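Here is a short briefing on a ligand site and a few backbone features. Keep the structure open while reading.

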Amino acid sequence: MARTEDPRSAPPIRWGILGAGNIAGAFADAVTQHTRAQLVAVGSRHRDRAERFATAHGIPTTHVGYRQLVEDPQVDAVYVATPHSEHREHALLAIKAGKHVLVEKAFTRNVGEAREVFDAAREAGVFVMEAMWTRFLPHVAALHQVIEAGEIGDIVNLSADHGQAFAYDPASRLFAPELAGGALLDLGVYPVSFAHDFLGVPDAVHAVGSLTQTGVDGQISIVLSYGERAQATLSTTLWAKTPTVALISGTEGNIQVAGSFYAPTSFRVQRTDGRVWTFDQPGTKGLQFEAAEVARRVAAGETQSPRLTWDDTLAVMETMDEVRRQVGVAYPGE
Ligand SMILES: NC(=O)c1ccc[n+]([C@@H]2O[C@H](COP(=O)([O-])OP(=O)(O)OC[C@H]3O[C@@H](n4cnc5c(N)ncnc54)[C@H](OP(=O)(O)O)[C@@H]3O)[C@@H](O)[C@H]2O)c1
């Protein structure tokens, strides 16, 4: 089985972190502990938050305001870790300052905003990628290798779920329409992107959903269809912790990807000829793999990752737009 390259073998790069929130902290830890990159600056809307974050993660420079961060000449690449509603504006800010950008998932609110960001990146000649970290994980590389080797034959069905139980809080970004909350953009993007990764762009999208009191999607079940035989059955919810497993079934066998399928994990291959084997992944966190991908592509002078191209992200956004249209979720100003 081919091994994923060690993130420490990626060239050094100097990161600036835009938004001192929850995932930004996890990213900072992953970069510091598992790569040769430097965290040179953090930008926050609030001085105390910037300083607390900088102290916690050993970052030498703090900026109050995102413009100051993106204009910092020490910064090579900006990690946008703000709510979905802000991704377009913050990615454009960084691109216009000539910086490479890694934008948290979901990439933007909708495909139109995503196109604007990629058009700006094309014009500026900078690297941009959606931070869909699952694509860069060792078990996902192994899954592709197994499937391409024909171990389970042709894929007939892929199923994946991502639900987490969140207490209802209208002030939380997860429930706020103005911050582009809802299950789909936060959690459902993982099963949707996973299906796109293994099956490509669907010919048809079917979705059924229920909304929260705030009018964002609380729960959605999705069926994607591909040609005559292949389908993906996906689900997402803000109301229950689901197993977060993925199953890929083919004409010659199936693969059971243990929860959480979107994070480093193991899988079990069960062939119709009776052979069974497992891929065991030591439990680690995984944001360092996407960070290493950015460093490698930037050093190579590339503007996209071949594992997650701009077209790949646009296709995922298009699927999610169609799901939201069917479920009846629109964000203010869309
Ligand atoms: N990869 C993963 O595993 C993972 C996990 C969780 C979330 N995410 C993604 O990461 C992004 C951020 O999620 P999070 O959980 O880190 O959120 P969070 O803890 O709320 O942090 C978001 C940060 O964005 C900044 N911000 C800028 N404008 C804002 C606004 N209008 N309202 C609220 N905050 C604003 C704030 O930073 P300052 O106040 O410091 O400026 C805030 O701390 C989302 O895209 C989410 O889907 C990814």
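In which loop does A180 lie? A180 is in the loop between β7 (155-163) and α7. The model is predicted.

**Where the ligand lies**
- Two domains give residues to the shell around the ligand: domain 1 (7-132 + 288-303) and domain 2 (138-284 + 316-327), so the ligand lies between them.
- Of the elements, α4 gives the most, with three residues.

**Who surrounds the ligand**
- There are 23 residues around the ligand.
- S44, R49, Y66, H84 and K105 come nearest.
- By class, the shell divides into eight nonpolar, eight polar and seven charged residues.

**Contacts to ligand oxygen atoms**
- N22 places a backbone N or O atom 2.9 Å from an oxygen atom of the ligand.
- I23 also uses a backbone N or O atom, at 2.8 Å from an oxygen atom of the ligand.
- H87 uses its side chain: a polar atom there lies 3.2 Å from an oxygen atom of the ligand.
- On its own, the ligand has 890 Å² of accessible area, and the protein covers 83% of it.

**Cis peptide bonds**
- K105 and A106 are joined by a cis peptide bond, with omega about -20°.
- K105 is also among the residues that come nearest the ligand.
- A106 has its place in the loop between β5 (100-104) and α5 (111-124).
- A cis peptide bond also runs from G259 to S260, where omega is near -5°.
- S260 is found in the loop between β12 (253-257) and β13 (267-271).

**A positive phi**
- A180 has phi near 55°, a positive value in a residue other than glycine.
- The loop that holds A180 runs between β7 and α7.

**Points to check in the viewer**
- Which residues place a backbone N or O atom at 2.9 Å and 2.8 Å from an oxygen atom of the ligand? They are N22 and I23.
- Which element gives the most to the shell around the ligand? It is α4.

Terms used
Residues are numbered from 1 along each chain as its sequence is written. This is a predicted model: local features need pLDDT of at least 70, side-chain atom pairs count only at pLDDT 80 or more; totals for chains, interfaces and linings use all residues. Side-chain values use heavy atoms; hydrogens and water are left out. A residue is near a molecule or strand if one of its heavy atoms lies within 4 Å of it. A polar contact is a pair of N or O atoms within 3.5 Å; within protein, one must be able to donate a hydrogen and the other to accept it, and residues adjacent in sequence count only if both atoms are side-chain atoms. Accessible areas come from the Shrake-Rupley method with a 1.4 Å probe; for residues, only the protein chains shown count as cover. Helices (H or I, at least four residues) and strands (E, at least two) are DSSP runs, numbered from the N terminus. Ala, Val, Leu, Ile, Met, Phe, Trp, Tyr, Cys and Pro count as nonpolar, Asp, Glu, Lys and Arg as charged, and the others, Gly among them, as polar. Domain bounds come from an automatic or database domain assignment.
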